[in-house]
Each structure stands twice: as C-alpha cells, then as structure tokens.
Amino acid sequence: MATPRLVYDDDCCFCMWCAAFAARRGDFEMVGFSDLTSEQRQRLPDDWESCVHLLTAEAVYSCGKAVEQTVGRFGPQARRLVRLVSRL
C-alpha cells in the first residue's frame, strides 16, 4: 500500500469535514467506516468506531496519533506545527 488510508466515520458531519480537509492537503485514500473491507477492519483496534485511523503499509495509527500522522503528511509547515504541539 503506497498511499496511506485515512479511515473515518462517514456518518459524522465533523469527521467528514475533517476527512475532506485532509484529502485537499495530502495524498490519502479516503475510506469511510461504511466502506471498510473485512481486511481493513481486521487491522483496526477492537474499538475502531471510536475515532479516526491512518493505515500505512508499516503501521496502524489511531485517534490522536492518527491525526498527528495525517497532519504531518500535509507538508513541511504542518510537520513543524505537529512537533510544536507534541511538545506541549
């Protein structure tokens, strides 16, 4: 999988807005909860419906870590922002 998959709640307006925001700023395959394959669902934690996830070839990031990893893929300025916020 070359392109990371951003897995989000496609029944939540705020989640859909955030996913669209990420799609405009980075290279992601967008996958709503309702479109998950059984293979993708198996990679997620048991409480997968509670937050966003970023699936890469190497790892699965969930909740806050998924947001951090997603924003970090927006570009150099975003990576600096992520580093700054993570220090707080």
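This note goes through the fold of the chain, its sheet and helices, and a few single residues.

1. Basis of the model. The structure is a predicted model, in which local features need pLDDT of at least 70 and side-chain atom pairs count only at pLDDT 80 or more, while totals for chains, interfaces and linings use all residues. Residues are numbered from 1 along each chain as its sequence is written, and side-chain values use heavy atoms, with hydrogens and water left out.

2. Overall make-up. The chain contains four helices and four strands, where helices (H or I, at least four residues) and strands (E, at least two) are DSSP runs numbered from the N terminus. Followed along the sequence, these elements give the pattern β-α-β-α-β-β-α-α.

3. The C-alpha trace spans about 35 × 30 × 25 Å along its principal axes. Of the 88 residues, 30% count as buried, a term that means under 20% relative accessible area, with exposed meaning over 50% and partly exposed lying in between (1.4 Å probe, protein chains only). The accessible surface comes to about 5700 Å², and 52% of this surface belongs to carbon and sulfur atoms; the areas come from the Shrake-Rupley method with a 1.4 Å probe, and for residues only the protein chains shown count as cover.

4. The four strands form an open sheet in the order 2-1-3-4, with mixed pairing, two strands being paired if DSSP finds at least two bridges between them. Its edge strands are strand 2 (29–32) and strand 4 (60–62), each of which pairs on one side only. From one strand to the next, the twist averages 20°.

5. Strands 1 and 2. Strand 1 (residues 5–8) runs parallel to strand 2 and is joined to it by four bridges. In strand 2, Glu-29 is the bridge partner of Arg-5, and Val-31 is that of Val-7. Arg-5 and Val-7 point one way from strand 1, whereas Leu-6 and Tyr-8 point the other way, and all are buried. In a regular strand the side chains alternate between the two faces of the sheet.

6. Helices on the sheet. Helix 1 (residues 13–25) packs on the sheet and touches strand 1 and strand 2, and its direction makes about 165° with that of strand 1. Helix 3 (residues 64–72) also packs on the sheet, touching strand 1, strand 3 (53–55) and strand 4, and its direction makes about 115° with that of strand 4. Axes here are lines fitted to C-alpha atoms, for helices over the stretch in contact, and angles run from 0 to 180 degrees between N-to-C directions.

7. The buried side of helix 3. The buried residues of helix 3 are Ala-66, Thr-70 and Gly-72. They cover an arc of only 165° around the axis, which puts them on the same side of helix 3; the arc is that of the directions from the helix axis to the C-beta atoms.

8. Leu-6. This residue of strand 1 counts as buried, at 4% relative accessibility. Leu-6 touches residues beyond four places away in sequence, including Ala-19, Ala-22, Val-31, Leu-54 and Thr-70, where contact means heavy atoms within 4.5 Å. The C-alpha atoms of Leu-6 and Val-31 are separated by 6.0 Å, although the two residues are 25 residues apart along the chain.

9. His-53. Placed in strand 3, His-53 counts as buried at 0% relative accessibility. Among the residues that His-53 touches are Leu-6, Phe-33, Trp-48, Tyr-61 and Ala-66. His-53 and Tyr-8 are 45 residues apart in sequence, yet 6.7 Å apart in space, C-alpha to C-alpha.

10. Two loop residues. Cys-63, in the loop between strand 4 and helix 3, has a positive phi of about 55° although it is not a glycine. Most residues other than glycine have a negative phi. Cys-63 is partly exposed, with a relative accessible area of 33%. Glu-58, in the loop between strand 3 and strand 4, is exposed, with a relative accessible area of 71%.
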